[in-house]
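Visitor: Hi, I have the model open. Can we walk through it?
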Amino acid sequence: MSTGNGPGPTPLFHDAFFGLKEEPIWAIFQNMKKDKPLSGFDRPTDTISEFSETRPISRKAVVGDFSPRRNAYLELRFSGVRSSCVELNEGEAVLGRDPRCHVQLQLPNVSRIHARVVHRNEEYEIEDLGSTNGTFLNGVQIKKCILRHNDHIQIGDAEIIYIEEKISKDE
Amino acid sequence: MIAHDASELLVTFWGTRGSISTPGRRTEKYGGNTPCVFVQQGDTQIILDAGTGIRLLGLDLAEQLKEQRTRRPLHLFLSHTHWDHIQGFPFFQPANIEGTELTVYGSAKKERFLESILSRQMDVDYFPVGLADMAADLKIREISDEEIQVGSLVVDWQEQVFHPGGSVRYRLSAGGKRVAYATDVELDRLFRPEIRGDRDKGSLKEYLDFIQGVDLLIADGQYTEEEYFEKVGWGHTSIPVIIELAKEAGVKQLAIFHHEPLHSDQMLDFLWKEYNAALREDETPMTVFWAREGMTLSI
């Protein structure tokens with residue numbers, strides 16, 4: 001593949017290397033030292049296609065409106081048996097003994113405000129909120145962790161399983 | 001950004017995979033990015049290795065930079081310069097933001113200067129932006145025999161011999177807490193009598209002294225015992241050996257790290273269950289877990 005007079009990156013270059021962003025391809029480099037211009041980076045994208053078989057294309061054009069969604073739940077267990085299930089939304093779910101908590105855990109060794117589950121970057125994370133007895137994930141005391149299907153959370157005497165189902169919007 | 005006490009020592013795994021990145025559903029739990037660990041205490045920020053995981057750390061730090069009036073210096077310590085430990089560096093966004101103070105540390109025991117090695121991976125044939133074009137205030141330091149004081153943390157280090165090209169292990173200490181980062185080393189060569197030479201006894205003691213009683217040891221545990229015997233001399237440790245050494249040294253928590261690219265989440269879950277069951281049986285107080293991306297521990 002030839003791109004003409006310089007090593008200017010195509011949008012596909014950006015998508016492949018930097019992913020995630022909908023920003024212009026080289027926005028990431030805009031803060032670079034002004035006295036050291038980079039050859040090729042300020043070239044408009046339409047000139048690239050004249051020299052290249054690679055067509056400018058945005059991530060959105062490829063992905064369209066399809067975005068996988070996941071339903072996630074916290075399954076509360078008592079003596080190993082499922083006692084209740086809470087569906088998580090894209091907000092924040094606070095867990096603790098306090099009646100204002102989204103997930104109330106009236107059990108020994110649970111702090112008033114113990115931990116929270118937050119939806120961030122399309123994933124759910126659990127974060128300990130300075131509890132007295134700690135938050136454990138699969139037996140490890142954590143400050144914070146991205147949750148994965150079947151993770152075992154221990155908050156005081158509360159035993160919780162994180163359940164995740166991936167579904168598409170069409171379903 | 002995590003809300004935390006300024007005295008709290010936080011360790012976050014951004015990349016845990018060894019050798020090459022392994023994206024995909026089979027590795028989403030433990031992660032597919034190559035080594036990068038972030039350690040912070042108050043305003044002190046240390047990064048251990050610049051594998052592909054550093055790209056995501058960079059995005060997170062760049063978000064924080066938008067909210068901060070003052071910029072906190074960043075200190076990147078490289079265990080060595082094999083691909084999987086430096087490949088993410090060109091994509092580390094704070095290095096492309098003017099005003100970022102970034103110091104990179106690494107071994108002086110290379111044929112070429114560290115700066116030369118890092119700049120060669122950003123040669124125009126491999127990457128469109130050169131090292132000298134990065135906007136940050138970038139300093140590259142080859143470590144000497146002295147301890148390094150970085151903000152509230154003291155960093156000391158040792159060269160590791162059993163890895164092709166060598167590698168460095170680091171120990172970070174603050175307020176009585178200690179974290180050791182010792183990846184990319186073939187400890188089986190020191191520990192297994194059938195392949196150990198007499199001259200290696202000193203190295204074994206040196207290693208055990210270095211990790212003695214640490215609160216967290218992040219250690220190479222790439223292979224199962226069966227796999228190891230097919231890969232003697234490749235520079236990585238088998239899981240049973242690192243567990244035995246950590247137990248002997250009274251390590252409090254052991255994070256098995258540098259996961260074999262062929263090991264799926266299912267496989268790592270299986271290994272975790274198998275070894276934890278054995279540790280529970282002999283009532284070892286040490287916690288052993290397989291490091292996973294997106295996990296933060298408070299030490």
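Visitor: Why does Val110(A) count as buried?
Guide: Val110(A) is buried because 23 other C-beta atoms lie within 10 Å. A residue is buried if 20 or more other C-beta atoms lie within 10 Å of its own, exposed if 12 or fewer, and partly exposed in between, with C-beta atoms placed from the backbone.
Visitor: Is this experimental or predicted, and how is it labelled?
Guide: This is a predicted model, where local features need pLDDT of at least 70, side-chain atom pairs count only at pLDDT 80 or more, and totals for chains, interfaces and linings use all residues. Residues are numbered from 1 along each chain as its sequence is written, while chains are lettered from A and ligands numbered from 1 in the order in which they are written.
Visitor: OK. Where is Val110(A) found?
Guide: In chain A, in the loop between β4 (103-104) and β5 (115-120). Helices (H or I, at least four residues) and strands (E, at least two) are DSSP runs, numbered from the N terminus.
Visitor: Which residues does Val110(A) touch?
Guide: Leaving out residues up to four places away in sequence, they include Gly96(A), Leu105(A) and Ile155(A). Contact means that the C-beta atoms, placed from the backbone, lie within 7 Å.
Visitor: New topic. Is β3(B) buried or exposed?
Guide: Strand β3 (residues 44-48) of chain B is mostly covered, with five of its five residues buried. Thr44(B), Ile46(B) and Leu48(B) are on one side, Gln45(B) and Ile47(B) on the other.
Visitor: Which strands does β3(B) pair with?
Guide: Five bridges join β3(B) to β2 (residues 36-41) of chain B, running antiparallel. Another four bridges join β3(B) to β4 (residues 74-77) of chain B, running parallel. Strands pair if DSSP finds at least two bridges between them.
Visitor: What does Ile218(B) touch?
Guide: Among others, Val37(B), Ala180(B) and Phe257(B), not counting residues up to four places away in sequence.

Conventions. Contact = placed C-beta atoms within 7 Å.
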